[in-house]
Amino acid sequence: MFESISYGSLGSIEIVKSDIPTAQNYIERDLQLTLDLGDKQGQSIAFGLMGELCNLKQEEELALEYFDRQERLAQELHYSKGIVKAHTGRYYSWLYQGRHQKIEYEFKSFDQSVLGINQASVDYFIPVLLSRLILKEPDLALEVLQILTSYSQQLNTTIARFYVDWFGKFMENQNKER
């Protein structure tokens with residue numbers, strides 16, 4: 001099991017580095033190990049990593065399939081972080097495809113009671129905020145920024161503060177330009 005976690009972690013690092021072949025190798029090994037072990041939570045995580053990798057490869061439709069598989073397992077296990085990460089991954093796929101209305105629809109219908117005070121929940125709001133900024137919907141974007149601000153204050157992490165500061169400054173500049 002620890003071997004699987006290691007492969008998944010290494011794959012995740014390689015995604016950040018955009019080293020697609022190495023990331024794919026690690027994530028495929030992770031997925032195979034979780035399948036062999038019958039580790040459904042590990043499978044859910046590996047499916048999510050495969051989705052992230054497919055987004056990096058600009059294979060959004062395949063990414064959506066992996067995020068669907070991730071969410072099905074996460075739902076079965078009542079693994080809320082997996083549910084949140086699957087939705088986040090789908091939002092990014094749709095963002096890359098320019099399907100902003102799909103993001104809005106899903107965002108409004110998503111049961112946000114599964115969100116916790118954690119980085120996965122902060123990450124969940126980022127593609128929604130980006131989509132609203134692209135659509136030039138400052139009032140809707142501000143609504144999400146206020147949620148992010150609340151999470152940022154509760155989490156007190158560098159990345160959460162960065163999101164709030166950067167997007168806050170971006171929106172201030174947008175308002176000045178109007």
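Before counting anything, I settled my terms: a nonpolar core here is a set of buried Ala, Val, Leu, Ile, Met, Phe, Trp, Tyr and Cys residues joined through side-chain atoms within 4.5 Å. I also kept in mind that this is a predicted model.

**Entry 1, the largest core.** Which residues touch the most other members of the largest nonpolar core? I found Tyr-91, Tyr-124, Phe-125 and Leu-148, out of 30 residues in that core. At least two residues each come from helix 4 (60–77), helix 5, helix 6 (100–109), helix 7, helix 8 (138–155) and helix 9 (158–177). Helix 7 is the top contributor, giving eight residues.

I then noted a second, separate core of 14 residues, with Ile-15, Ala-23, Ala-46 and Phe-67 among them.

The axes of helix 5 (residues 80–97) and helix 7 (residues 119–134) come within 9 Å and cross at roughly 20°. Angles under 35 degrees count as roughly parallel, so I logged these two helices as roughly parallel to each other. Their crossing is left-handed. On the helix 5 side, the contact residues include Lys-81, Val-84, Thr-88, Tyr-91 and Leu-95, and on the helix 7 side they include Ala-120, Asp-123, Tyr-124, Pro-127 and Ile-134. By class, I have eleven nonpolar, four polar and three charged residues in this contact.

Key: Residues numbered from 1 in each chain as written. Predicted model: local features only at pLDDT ≥ 70, side-chain atom pairs only at ≥ 80, totals over all residues. Heavy atoms only, no water. Axes fitted to C-alpha atoms, helices over the stretch in contact; angles between N-to-C directions. Helix = DSSP H or I, 4+ residues; strand = E, 2+ residues; numbered from the N terminus. Parallel < 35°, antiparallel > 145°, perpendicular 65-115°, else oblique. Left-handed = near helix turned anticlockwise from the far one by under 90°. Contact = heavy atoms within 4.5 Å. Nonpolar A, V, L, I, M, F, W, Y, C, P; charged D, E, K, R; others polar. Buried < 20%, exposed > 50% of the residue type's maximum accessible area, 1.4 Å probe, protein only.
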